[in-house]
Amino acid sequence: MPRLFVPICDNSIYAHLILTMKGRNLEIQVYGNPVLQQKTKAVDKITDEILQLIADLKVTMHEKEGLGLAANQVGISLAVIAVNPKGAEIDQEPFAVINPELVECSGQIEREEGCLSIPGISEVVARPTKVIVKGINEEGKPVQINAEGLLARVFMHEIDHINGVFFVNHLGKTRLELLQNQLKEITRNRKNTSTKTKRKTQ
Ligand SMILES: [Zn+2]
């Protein structure tokens, strides 16, 4: 059974503020957008904007039925991720981690993986079976999380995102070459959509 440890929230100002923030369902940025290929910036202060971003990530993750979501997937180049333990059959509410970093990992398992930013493609990727991740929680406190199984995979996937890495970057050269046409198609569709949007707003 996967285990997860997160300290219980206290009554800090952040805990109160986060409850008042209403999240929005944002558009997911897709493969080809440079924001997904750049390393994101670490958060040095928890502001209202960061709390709004966390609320937005949670709502967007829920609406798009993702197991996790990174801030650059909604176009914000900051090191913030949200994860949904329930999607990994762990009875815990979705939560965010600010400046997440991998501390330790062990084991390895292959499993099919997909990504909201690479629609229509899923591939088998090897990931650790157990991870320890550190970061800052929504209350602004340092946190260390032990995750196993699918949730460990989600953490690895999202930490990759904030470092500008896609799950397909873990594939062998031959496999990646075979996906090139599909990846180009996603990039092409992205450009077409943004041109249309631009026209609409002009
Ligand atoms: Zn992804």
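Five strands make up an open sheet, in the order β1-β2-β3-β6-β7, with antiparallel pairing. Here a strand is a DSSP run of E with at least two residues, a helix is a run of H or I with at least four, and both are numbered from the N terminus. Two strands count as paired if DSSP finds at least two bridges between them. Strands of a sheet pair through backbone hydrogen bonds, either parallel or antiparallel. At the edges stand β1 and β7, each with a single partner strand, so one side of each has no neighbour in the sheet. On average, neighbouring strands of this sheet are turned by 40° against each other, direction ignored. For such angles, axes are lines fitted to C-alpha atoms (for helices, over the stretch in contact), and angles between N-to-C directions run from 0 to 180 degrees.

Before going on, a word about the model itself. It is a predicted one: local features need pLDDT of at least 70, side-chain atom pairs count only at pLDDT 80 or more, and totals for chains, interfaces and linings use all residues. Residue numbers start from 1 along each chain, as its sequence is written.

Now step back to the whole chain. The protein chain has four helices and seven strands, and along the sequence they follow the pattern α-α-β-β-β-β-β-β-β-α-α. Of its 202 residues, 31% count as buried. A residue is buried if 20 or more other C-beta atoms lie within 10 Å of its own, exposed if 12 or fewer, and partly exposed in between, with C-beta atoms placed from the backbone. Among the contacts in the protein chain with a separation of 6 or more, 68% are between residues 24 or more positions apart. Two residues are in contact if their C-beta atoms, placed from the backbone, lie within 7 Å.

Let us return to the sheet and follow β2. Three bridges join β2 to β1, and the two strands run antiparallel. Leu69 stands opposite Ala82 in β2, while Ala70 has Ile81 as its bridge partner. With β3, β2 pairs in the antiparallel sense over four bridges, and Val80 has Ile98 of β3 as its bridge partner. Which residues cover the two faces of β2? Val80 and Ala82 lie on one side and Ile81 and Val83 on the other, and all of them are buried.

Why is Ile98 called buried? Because 22 other C-beta atoms lie within 10 Å. Leaving aside residues up to four places away in sequence, Ile98 touches Val43, Ala79, Val80, Gly135 and Ile136. Ile98 and Ala79 are 19 residues apart in sequence, and their C-alpha atoms are 6.1 Å apart in space.

Next comes the helix α2, which packs on the sheet and touches β1, β2 and β3; its direction makes about 35° with that of β2. This helix has 16 residues and reaches 22 Å from its first C-alpha to its last, close to the 22 Å expected at 1.5 Å a residue. The expected span is 1.5 Å times one less than the number of residues. Buried residues in α2 include Ile50, Leu53, Ile54 and Leu57.

Finally, look at two loop residues. Glu65 lies in the loop between α2 and β1, and its phi is near 55°, a positive value in a residue other than glycine. Glu65 counts as exposed because it has 9 C-beta neighbours inside 10 Å. Glu89 lies in the loop between β2 and β3, with a positive phi near 60°. Glu89 is exposed, with 11 other C-beta atoms within 10 Å.
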